[in-house]
Amino acid sequence: MVIVNSFAEYQAFEGKEIGNSEWHKIDQEQINKFADATLDHQWIHCDEERAKREGPFKATIAHGYLTLSLIPYLWKQIADIRNVKMEINYGIESFKFGQAVLVNDEVQLNAKLKSIVDLRGVTKVVITATLNIKGKNKPAYVGDVVFLYHF
């Protein structure tokens, strides 16, 4: 875990890898709860028997947006940004889903600091987020997340 206490400490990571989260297993219960929360019960996610029988992956898969929603949880395992009054999820940019996350796959977030800018007291940070799948060469996604920090 990286600990960041100030803008200057954060800036030292610009252009560099910050780190990796722990591995997180996405099971059917999490997929079903996400489906309930988002009202997206498409069979490829929720119907285990049909997915085995008719699906291209022969198993259910996690929703793409479920995997995106893990970013804040996994990011907190990589970096502890201290001395902030407020942190805001500001945006996501240029995300591409490269591979489906199958039920019971384990995923890990890799974070690199693409850019950091001081906007008159508000720090805008762009993190390149790569979600790796254990045992697979191709990531689930790669894209940039934007955070605003008020130090």
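A salt bridge here is a side-chain nitrogen of Lys or Arg within 4 Å of a carboxyl oxygen of Asp or Glu. The model is predicted: local features need pLDDT of at least 70, side-chain atom pairs count only at pLDDT 80 or more, and totals for chains, interfaces and linings use all residues. Residues are numbered from 1 along each chain as its sequence is written, and side-chain values use heavy atoms, with hydrogens and water left out.

**View 1. The whole protein.**
The protein has 6 helices and 8 strands. Both are DSSP runs numbered from the N terminus: helices are H or I with at least four residues, strands are E with at least two. From the N terminus on, the order is β-α-β-β-α-α-α-α-α-β-β-β-β-β. The C-alpha atoms fill a box of roughly 55 × 30 × 25 Å along the principal axes. Of the 151 residues, 42% are buried. Buried means under 20% relative accessible area, exposed over 50%, and partly exposed in between (1.4 Å probe, protein chains only).

UniProt, in an unreviewed entry, places "domain: MaoC-like" at residues 14-128. UniProt positions follow the numbering used here, feature names are shortened, and annotations may be inferred rather than shown by experiment. Over residues 14-128 the chain is 31% helix and 37% strand. The end C-alpha atoms of this stretch are 11 Å apart.

**View 2. The loop at Leu102.**
Leu102 sits in the loop between strand 5 (86-97) and strand 6 (106-119). Leaving out residues up to four places away in sequence, Leu102 touches Ile26, Phe57, Ala59, Thr60, Ile61 and Lys136. Contact means heavy atoms within 4.5 Å. Ala140 is 38 residues from Leu102 along the chain, and their C-alpha atoms are separated by 10 Å.

**View 3. Lys52 and Glu49 in helix 4.**
Lys52 and Glu49 form a salt bridge, with the closest N and O atoms 3.9 Å apart. Both lie in helix 4 (residues 48-54), 3 residues apart, about one turn of the helix. Lys52 counts as partly exposed because its relative accessibility is 47%. Glu49, at 51%, counts as exposed.

A search of the whole structure finds 9 salt bridges. In one of them, Arg53 and Glu54 meet at 3.4 Å, N to O. Arg53 is exposed at 56% relative accessibility, while Glu54 is partly exposed at 43%. Arg82 pairs with Asp80, the closest N and O atoms being 2.8 Å apart. Salt bridges that share partners join Arg50, Arg53 and Glu54 into one network.
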